[in-house]
Amino acid sequence: MNNMVFMILIIAGYLILAPVAGFFLEGYDRVISSRLQRRMGPPFLQPVYDLIKLFEKQAIVVNNLETALVLGFTIFTIFSGCLFFAGGDILLVFFAFSLADMFLVLAASSANSPYSSLGSQREFVQMMAYEPMTLLTAIGFYMCCGSFNVSDIINQDVPAIVRTPGVFLGYCFILIIKLRKSPFDFSTSHHAHQEMVKGLTQDIAGNVLGILELGEIYEEVFLMTIVVLFFIWKNPLSYVLGIAVALLVFFIMIVVDNVFPRVKWEHMLVSSWGVTLSLAGSNFLILTMLKIARI
Amino acid sequence: MTIAFILFIFTLLISVSVYFSRDDRVREGIVTAGSIVMMVLDVIFCVWAFGAVNDNTGYLVYLEPESSFVGIFNHVIIAGEIFLFLLISVLSIIHGKLYCIILAFMGTAPVLWLDFTGQAVENGPMLRFDSLTILMFLVVGLVGGLICIYSNGYMKDYHHHHTDVGKRPWFFQSMLFLFLAAMYGLISSDNISWMFFFWEITSTVSFLLIGYTRKEEAVTNSFRALWMNLLGGCGFTVAILYNTFVYKNGSLIELIGMGSDFKGVVIPVACLAFAAFTKSAQMPFSRWLLGAMVAPTPSSALLHSATMVKAGVYLLIRISPLMTGTLPGIMVTTVGGFTFFAASLLAISQSDGKKVLAYSTISNLGLITACAGVGKPAATWAAIMLLLFHAVSKSLMFLCVGAVENATGSRDIEDMHGLIVKMPKMAFVMTVAICGMFLAPFGMLVAKWAALKAYIDSNNVLLVIFLVFGSATTMFYWGKWLGKLFAVLHQSETLRDIIHKSEWYVMYMLTGLVITLCATFPFLGSIFIEPMLWVEFGYKAGQIISSDDVRVMLMMLIMIALMPVLAMFLIYNRKEKMTMSYMSGANAGDDRHFTDAFGGIRPSYLSNWYMEKMFGEKKILVLSLAVAAAFVVVLMILSVGTGIGGGFR
């Protein structure tokens, strides 16, 4: 029973604190990006103002199906996050996330406009590019911790990073795609320089867009938490280490975003599959050989 | 046990009477009534057999070799084999494909010789039923019966649209029932020669159905299917000969009983696996299944997705205890895993609905094959689950595509744009079927998940890599199909529903089956699959998917079911502005036309991505076939070599 209460507390904490962390990351992104571009930039709380403004706006919708699907995206994103923080099966968490993503792409497809449609096709390609690596990340945790459950992964004697550095680097690589950072921001982008107007989210407006942005904030926090998870072991202090590394990784993402121009989708697909195969694949080969050798 | 016999004879009788009723009304009546009776008999038999299965052995034996019936059956089978051989020979001579006669002779003659000289060994049970057989009976009976009912309406429309095709629906439907009878025989046989006879019937029926239209393309494709399946049959024959002369054994259960530690067993296992590859269209033998798509859709749904191609993986699942860590096991997992990945890549570049389904079938069969080859209870559990989910979802997909083709005149995925507006009911059914194929928390994904765990636990890095990349590409081609269905076209009208009522009933029933399977799979696993695994492997699988995860997935199912309600609540009573989609210019009245720079009105066309340059058939088909062929050849030689030399395993 005590366990149950604890779990509910954690989920409640996630629901409330994740947006705070997400807004922090977004603000951090905005400020650092503007500094890198030698401009003043918006205030740190600008993402919060943006979202509030979106929710105050009237929704302009192209069809009701799209609204329902966007809602599905946000609900399932939050649900998957809850599952993760409740200590659930990490593979199932990733499956639930891909279900949420599918809702988003279908929302864009349902709009039936040139840019939305192109955005949805590009998002499918992006999903195809990062999916193998996300699954391998989950498997990586399993191989060094002997369990898919997040609750077991955080109670190890050594952190996962010690055995899976290749997987970690591979994960950081596909994080660029997942966070919609240049050079891999095809389907939609947070920047004004997006080539396809707004791509994926083009026909979504007003408070519906607000719902979508909220979902993306939860997703961002989850993605960065996976980075933290690589560095956690029994020691409570490891959380500090993990968060520090996550912030560093996020900083590198921002720099990458500002330094690299967008590449072609073929390039993204080939490079992310190549990175997955070479870094994570070789990591697995070594781990398996060690496992067999030990027996 | 007489029920099983009645079921078999009854299905044969329906087949014969359908063939001789040339009047459409009468024939359709017989087909509908016959299918319903067959399904009822099937369910009665399964319930009875489930109760009667021996608790100690986990199976039910029927027809011990001493039984006087066996002699009669043997005569019938010999006559049947000769008839099949003559039929194939005559057709091959007519169409000038003499190599098929050679293959048929090589496959049939040695078995006939064994029978005539009395060297055939009958040591185990002739027929054997366990919980896997019962599950297969349910799949064959229920899915098969439903497809037969569907074929009534379909064939009527088919001949309405294809006036250039000679009208022989009686032949078509009669073959469907004959095939069902053969499937019943195949899954209940334990005697390898008997199984081989039914195996050859399914090959021949498939050949006849592919050639149904008698057009040039159909004939070419049917002979391709025939020679590949006959070649597989030769593998089967070698396994029978080896078993007979080396072990004095003719029974599958005795063969399984030898265990994977026994070195000589690699030869029959490798030969049976080879036969299974051809039947289940594994690379490099995958091309016949693509060609089989020229046949009318009910045969694609029944033979080429739900049942006949499952015969191969069924055999692999049966012999999977013999493949634990052996060379044939490595061959089966490698070829299966590779086929899963390569076929799903090839599916990306296809826009013909049936071709996508064909590649996806090959790909999923590859996954099942790979699971069976691991030879661990958990992997075999996943294989059986995949088999079940795939049979139901994929046959539903085929029926949908067939109905859409009859209603709109096209089965191209591009033409299904906006199906949710044009044919909302169809879009719903298709969505369930597609989600059932790849999305959490639906069926196939659960099995894929179990497969992934089993691969990791067996330390097979290559298979894990194939699986994760294959699921990414699988998601791509299903996802973009789903996106096509979901496009909402403004000012578009619902098409008139010209699909027959009986077809709708069948599709709804199958949709219900998909959803039921998703909700009840843990129950199915513990009642049907785990006891069978325990018998075959001698040890328990352990927990495959924990009850916590099952609960989470049920929660997700409920949430998805509640989504429309929630959305209604949100949309209801809200003052929002409806608008047209942004066309990057002025919309010309709707969201399919825009005003161009010269003031003219132009239509816009939204296409999916097919990536011909990267994943086109021209680019990678030959390469993947060559790689798979190399795997098969090298590992077959190694297996046979080790079997003879008794060297390393």
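The model is predicted, and the predictor assigns the complex an ipTM of 0.94 and a pTM of 0.94. Chain B and chain A together bury about 5,800 Å², with 79% of that area on carbon and sulfur atoms. One salt bridge is found across this interface, and a strand of chain A pairs with a strand of chain B.

**Confidence**

- Chain A has a mean pLDDT of 90, and 98% of its residues reach 70 or more.
- Chain B has a mean pLDDT of 89, with 97% of its residues at 70 or more.
- Within chain A, confidence is lowest in strand β1(A), where the mean is 80, and highest in helix α7 (residues 165-178), where it is 95.

**Interface: area and composition**

- The contact involves 67 residues of chain B and 67 residues of chain A.
- Phe469(B), Met475(B) and Trp609(B) account for 11% of the area that chain B buries against chain A, which is more than any other three residues supply.
- Five residue pairs are in polar contact between chain B and chain A, counting pairs with both residues at pLDDT 80 or more.
- The side of chain B that touches chain A draws at least two residues from each of α14 (327-348), α19 (443-457), α20 (461-486), α22 (547-571), β3 (577-578) and α23 (612-615) of chain B.
- Helix α20(B) contributes the most to that side, with 15 residues.
- By class, the side of chain B that touches chain A is made up of 45 nonpolar, 12 polar and 10 charged residues.

**Interface: specific links**

- The salt bridge between the chains joins the side chains of Asp89(A) and Lys453(B), with an N to O distance of 3.7 Å.
- Strand β1 of chain A, residues 60-61, runs parallel to β3(B), and two bridges pair them.
- Within this pairing, Ile60(A) has Lys577(B) in β3(B) as its bridge partner.

**Sheet in chain B**

- Strands of a sheet pair through backbone hydrogen bonds, in either a parallel or an antiparallel sense.
- In chain B, three strands make an open sheet in the order β4-β5-β6, with antiparallel pairing.
- The edges of this sheet are β4 (586-587) and β6 (601-603) of chain B, each of which pairs on one side only.
- Strand β4(B) is joined by two bridges to β5 of chain B, residues 593-595, and the two run antiparallel.
- Across that pairing, Ala586(B) is opposite Thr595(B) in β5(B).

**Salt bridges**

- Over all chains, the structure contains 21 salt bridges.
- One of these is formed by Asp50(A) and Arg30(A), whose closest N and O atoms are 3.6 Å apart.
- Asp50(A) sits in helix α2 (residues 46-56) of chain A and Arg30(A) in helix α1 (residues 2-36) of chain A, so this pair ties together parts that are 20 residues apart in sequence.

**Backbone exceptions**

- Most peptide bonds are trans, and most residues other than glycine have a negative phi.
- In chain A, the peptide bond from Ser182(A) to Pro183(A) is cis, with omega near 10°.
- Pro183(A) belongs to the loop between α7 and α8 (206-229) of chain A.
- In chain B, Met283(B) and Pro284(B) are joined by a cis peptide bond with omega of about 5°.
- Pro284(B) is in the loop between α10 (266-279) and α11 (287-291) of chain B.
- Arg214(B) is not a glycine, yet its phi is positive, at about 60°.
- The loop that holds Arg214(B) lies between α7 (192-210) and α8 (216-247) of chain B.

How values were computed
Residues are numbered from 1 along each chain as its sequence is written. Chains are lettered from A and ligands numbered from 1 in the order in which they are written. Side-chain values use heavy atoms; hydrogens and water are left out. Contact means heavy atoms within 4.5 Å. Buried area is the accessible area (1.4 Å probe) that two parts lose on being put together, summed over both. A salt bridge is a side-chain nitrogen of Lys or Arg within 4 Å of a carboxyl oxygen of Asp or Glu. A polar contact is a pair of N or O atoms within 3.5 Å; within protein, one must be able to donate a hydrogen and the other to accept it, and residues adjacent in sequence count only if both atoms are side-chain atoms. Helices (H or I, at least four residues) and strands (E, at least two) are DSSP runs, numbered from the N terminus. Ala, Val, Leu, Ile, Met, Phe, Trp, Tyr, Cys and Pro count as nonpolar, Asp, Glu, Lys and Arg as charged, and the others, Gly among them, as polar. Two strands pair if DSSP finds at least two bridges between them. pLDDT is the predictor's confidence in each residue, from 0 to 100.
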